[in-house]
Amino acid sequence: MSVNDKKRLESVLAFHAAPTLMGVKCGSLLSLSAEEYDRNEISALFESGSLGRCSALITGGHAGRILVYIYDRGALEGLLSDDDVREFLSHCGYERSLGCGECLDILSKRLCERDFPHEIGIFLGYPLEDVKGFITNCGKRCKLCGVWKVYGDVERAKALFECYENCRVRLCRELENGKQLRSCVA
């Protein structure tokens, strides 16, 4: 990968996944053009361990897209240990007994299906009541629309939206000032 290609990829990752890369959010999902980005190069960036605690699940999307789910395994495991989350996911085809890796395997398969798996909101760290609200209301009648559609605690969501934006601004600014992504998130 050329230096310019690596910088471009790092900038896209920073813009779309800053809260996850900075340890504030358990996961982020990016949809990238398969013509512009090479999945092996994306994978190599994460396999090298240069992005700290973050890992990536890379799947083929639809219509020439690559879906990249970036996650903090520790944070995700903590989230998946919640009884209410496990109960909800059990209704989406994730057996309660499954570990984090097995849940990621199912998610990977579901991301390649025709119908988008809206339970992804759980894997992105969205509040359970908002994920349920989105599914129940088919994405309509939300109280607030920001990083996700809010059906529950608006004030908490506003605070998180602001926190996520601050992460994005800070990380993108550091890259613009010449830092490498790995030095910003390690």
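The model is predicted, so local features are taken at pLDDT of at least 70 and side-chain atom pairs at pLDDT 80 or more, while totals for chains, interfaces and linings use all residues. Residues are numbered from 1 along each chain as its sequence is written, and side-chain values use heavy atoms, with hydrogens and water left out.

Helices (H or I, at least four residues) and strands (E, at least two) are DSSP runs, numbered from the N terminus. Two strands count as paired if DSSP finds at least two bridges between them. Strand β1 (residues 27-33) runs antiparallel to β3, and seven bridges join them. In this pairing, Leu-32 has Ile-66 of β3 as its bridge partner. Strand β2 is likewise antiparallel to β3, again with seven bridges. Thr-59 stands opposite Leu-67 in β3. Burial is judged by relative accessible area: under 20% is buried, over 50% is exposed, and values in between are partly exposed (1.4 Å probe, protein chains only). Seven of the eight residues of β3 are buried, so this strand is largely enclosed by the rest of the structure.

Helix α5 (residues 100-111) comes next. At 1.5 Å a residue, its 12 residues should span 16 Å, and the end C-alpha atoms are 16 Å apart, which agrees; the expected span is 1.5 Å times one less than the number of residues. The buried residues of α5 are Cys-100, Cys-103, Leu-104, Leu-107, Ser-108 and Leu-111. Seen down the helix axis, these residues fall within an arc of 145°, so they line one face of α5; the arc is that of the directions from the axis to the C-beta atoms. Contact means heavy atoms within 4.5 Å. The buried residues of α5 pack against β2 (54-60), β3 (65-72), α3 (73-80), α4 (83-90) and α6 (120-123).

Helix α7 (residues 128-136) also has buried residues, namely Leu-128, Asp-130, Val-131 and Gly-133. Their cover includes α4, α6 and β5 (149-150). After α7 comes Cys-138, with a positive phi near 50°.

A salt bridge is a side-chain nitrogen of Lys or Arg within 4 Å of a carboxyl oxygen of Asp or Glu, and a search of the whole structure finds 10 of them. In helix α3, Glu-77 and Arg-73 lie four residues apart, about one turn of the helix, and their side chains meet in a salt bridge (3.2 Å, N to O). Glu-77 is partly exposed at 38% relative accessible area, and Arg-73 is partly exposed at 32%. Another salt bridge joins Arg-96 and Glu-87 (2.9 Å, N to O). Arg-96 is partly exposed at 41%, as is Glu-87 at 36%.

Helix α8 (residues 154-176) contains Ala-159, which is partly exposed with a relative accessible area of 48%. The C-alpha atoms of Ala-159 and Cys-92, 67 residues apart along the chain, are separated by 29 Å. Arg-170 and Glu-174 also lie in α8, four residues apart, and form a salt bridge whose closest N and O atoms are 3.3 Å apart. Arg-170 is partly exposed at 44%, whereas Glu-174 counts as buried at 17%. Elsewhere, salt bridges that share partners join Arg-110, Glu-113 and Glu-119 into one network.
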